[in-house]
Amino acid sequence: MSAVLTPSTTATTTGLDIAPVSGRIGAEVRGLRLSGALPAATFTAIKQALYRHKLLFFRGQQQLDDAGQQAFGRLFGELVDHPTVPSKDGTQILELDSNHGGRANSWHTDVTFEVAYPQVSILRAVTLPPYGGDTVWANTAAAYDELTPALKALAENLWALHGNDYDYAATRVTPDAHGAKRYQEVFTRRLIQAEHPLVRVHPETGERTLVSGHFIKNFIGYNTQDSDHLFAIFQNHITRLENTVRWRWAEGDVAIWDNRATQHYAINDYGDAHRVMRRITVSGDAPVAVDGQRSRARPNPARSTA
Ligand SMILES: O=C(O)CCC(=O)C(=O)O
Ligand SMILES: [Fe+2]
């Protein structure tokens, strides 16, 4: 949905106090304390708002500890651990600690190297740097919508191989700083790959969204050079500034995104200052292409030339 949203239209349709933060993605929900014990009608309204805005922000959720974040997350479905990075002790929480390589400064959708990647991610700000450390999200449904008919047709016929062996540290000026090397080793300790259509049909909204981001290795049937050009065409539409929103975090803020309709990027501009975020993810479904085909796991060992 790429129409520009206004506060009055969204507030009256959901019963929540919702203020869009940008024209195409992201809205702040005010006056709610998140917990696992929200009334069903409130949770339904949150879900509807999430499908509409793709990304919701809740400020000042200091009442949420690890258990509370998980209890709230379970309202969406089963929580899933990250497939390679161990969860924080005794939880299903992925802790992103800037001192230990937790700096996701590259555009991605979470865990797309899995065939059924998470439907929703819920991120809580625990420790923040004095400046910087914002996160940016992009709307992959609006990006599809703005393509020309010819590019839509091309996109609908493309499939890509996604893998977890993306090197987060590759574009860093000092790649070994902040534990990035060790984090990369843990992240890729087991190769996981999946083939996804570039365009998936969202199971809740019926919208077409682009499945892209840095876990893409190549488009199936295309050589590296052509793949790189194709990737740039679609990825540039996704990350156009008009299609994004940027959030300046305060401690206790929570962001929830529809991982089937967004990408995100954590800006790494705070040097050695400490930043800690805690994320949970909710189990998702294998994408379905426009023609009804489903994403496929790519079995290992896979040294693909596809
Ligand atoms: O640190 C952030 O702001 C986001 C990190 C990230 O990519 C994630 O939580 O999935
Ligand atoms: Fe992420």
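The protein chain holds seven helices and 17 strands (DSSP runs numbered from the N terminus: helices are H or I with at least four residues, strands E with at least two). Its radius of gyration, taken over C-alpha atoms, is 19 Å, close to the 19 Å that the globule rule gives for 306 residues, so the chain is as compact as a globular protein of that length; the rule is 2.2 Å times the number of residues to the power 0.38. This is a predicted model, where local features need pLDDT of at least 70 and side-chain atom pairs count only at pLDDT 80 or more, while totals for chains, interfaces and linings use all residues. Residues are numbered from 1 along each chain as its sequence is written, chains are lettered from A and ligands numbered from 1 in the order in which they are written, and side-chain values use heavy atoms, with hydrogens and water left out.

**Overall build**
- The C-alpha trace spans about 50 × 45 × 30 Å along its principal axes.
- Of contacts (heavy atoms within 4.5 Å) between residues at least 6 apart in sequence, 84% join residues at least 24 apart.

**Surface**
- Of the 306 residues, 55% count as buried (under 20% relative accessible area, 1.4 Å probe, protein chains only).

**Largest pocket**
- Lining residues of the largest pocket include Val85, Pro86, His100 and Tyr183 (a pocket is an open set of points on a 1 Å grid over the protein atoms alone, where a 1.4 Å probe fits, with protein on both sides within 12 Å along at least five of seven lines; lining residues have an atom within 4 Å of a point).
- Strand 5 (94–97) and helix 6 (180–187) are the elements that give two or more residues to this lining.

How values were computed
Buried means under 20% relative accessible area, exposed over 50%, partly exposed in between (1.4 Å probe, protein chains only).
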